[in-house]
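Notebook open, structure about to go up on the screen. I'll jot down what I look up as I go.

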Amino acid sequence: MNHWTANPRLRSFRNLLFAIVAIWFAQYLANVFAVTLSTGQWYPPLSYTFLLLLYVAVFGGMGSVLDGQSHPYKTMGLAPRPGWGEEIAVGAAVGWGMVVAVVGIIAVGGGLRIGFDRSALSWGALGINVITLLLASLAEEIAFRGYPFQRLIEVTGPVTAVLISSLAFGLVHAGNPDATPKSVAVTVLSGVLFSVAYLRTRALWLGWGLHFAWNFALAVIFGLPMSGMWRFSTVVQSHARGPLWLTGGGYGPEASLTAAVVLLVGIWVVFKVTRDYAWRYGQPEIVPGGIPVDIGGHPPVAGFPPPAAVAPDGKPADENGLVQIQLK
């Protein structure tokens, strides 16, 4: 047994490095697969479809082989569970509300000039964009809040892991059109928001709902640039008026002080709405244990009747003297 397998933290660090390499390689392969099929408007959804399939296969395999997980997708927070649809809906509601707050502040403080493109081509592109946003937001959640994030938690602890992964999330978007240090900082805040959603629920569903609703509402419903990109605003195109700190300029609201404040409030809201989820999923798993005890096997105490093992239904316990205790 070497140091990598003997030390749990070193083992998690090793698996984290493997996961980072896997992310890069999966993105490369997804691009190759998608390009062979389409270089037009279907390229983005095809690319993200291949990327998701690769993430699911690779991280599931790593969890099973490298970490010895019997249910790797459940551990990763990607397996459906009772109420998972509700978690997505709650996340989407919070994400929608946050975007409405951002756009409302911009509209009141500066102004919005809204245009519409009702052509059949725009409506066709709208459907493709919605599919792309669904796939892209889930892929980013798996990459930044899935298997790699969980290994990072084991290496550094949850607080440091949130800071590191959120910083990486912001830096990944630094190459987007019109990106600025302010846009990176706001994106880091959004990474903290999504990380909190995972930590409170131990699953990716609420964070996925948040992530998708934020992108969809900002780009598709209100027609504003999303992370510096206009290509998702096909039917509705809006132009914000006002100072850069209010609107974010060409990068969009995600480079504005407005979004930063709303994201900070959003983190508090996520804490509030996930109270039940945190209680249900955030507690350490209770592992059954103990040894059989022969309660009736010792000599009787003077003045007291001999003890007898009794089951919860009032009947004597089994022949081994085992007693089951139920808490009501």
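This is a predicted model: local features need pLDDT of at least 70, side-chain atom pairs count only at pLDDT 80 or more; totals for chains, interfaces and linings use all residues.

I started at Leu210: skipping neighbours within four places in sequence, I get contacts with Gly91, Ala92, Val94, Gly95, Met98, Leu193, Phe194, Ala197 and Val270. Contact here is heavy atoms within 4.5 Å. Numbering runs from 1 along each chain as its sequence is written, and side-chain values use heavy atoms, with hydrogens and water left out.

Helices (H or I, at least four residues) are DSSP runs, numbered from the N terminus.

Gly209 also sits in α10. I have it as buried, because its relative accessibility is 3%; the scale is buried under 20% relative accessible area, exposed over 50%, partly exposed in between (1.4 Å probe, protein chains only). Leaving out neighbours within four places, Gly209 contacts Ile88, Gly91 and Ala92. Its C-alpha is 7.3 Å from that of Val90, 119 residues away along the chain.

**Entry: the largest pocket**

I read about 1,100 Å³ of space in the largest pocket. Of its 47 lining residues, Gln27, Glu140, Phe144, Val172 and His173 are the closest to the centre. α2 gives the most to this lining, with 7 residues. My pocket rule: on a 1 Å grid over the protein atoms alone, an open set of points where a 1.4 Å probe fits, with protein on both sides within 12 Å along at least five of seven lines; lining residues have an atom within 4 Å of a point. Volume is the space filled by probe spheres set on the points, joined across faces, edges and corners.

Most residues other than glycine have a negative phi, so I went looking for exceptions. Asp178 has a positive phi of about 65 degrees, in the loop between α8 and α9. Asp178 counts as exposed because its relative accessibility is 52%. Arg202 has a positive phi too, near 55 degrees, and lies in the loop between α9 and α10. At 35% relative accessibility, I put Arg202 down as partly exposed.

Definitions and conventions. Helices (H or I, at least four residues) and strands (E, at least two) are DSSP runs, numbered from the N terminus.
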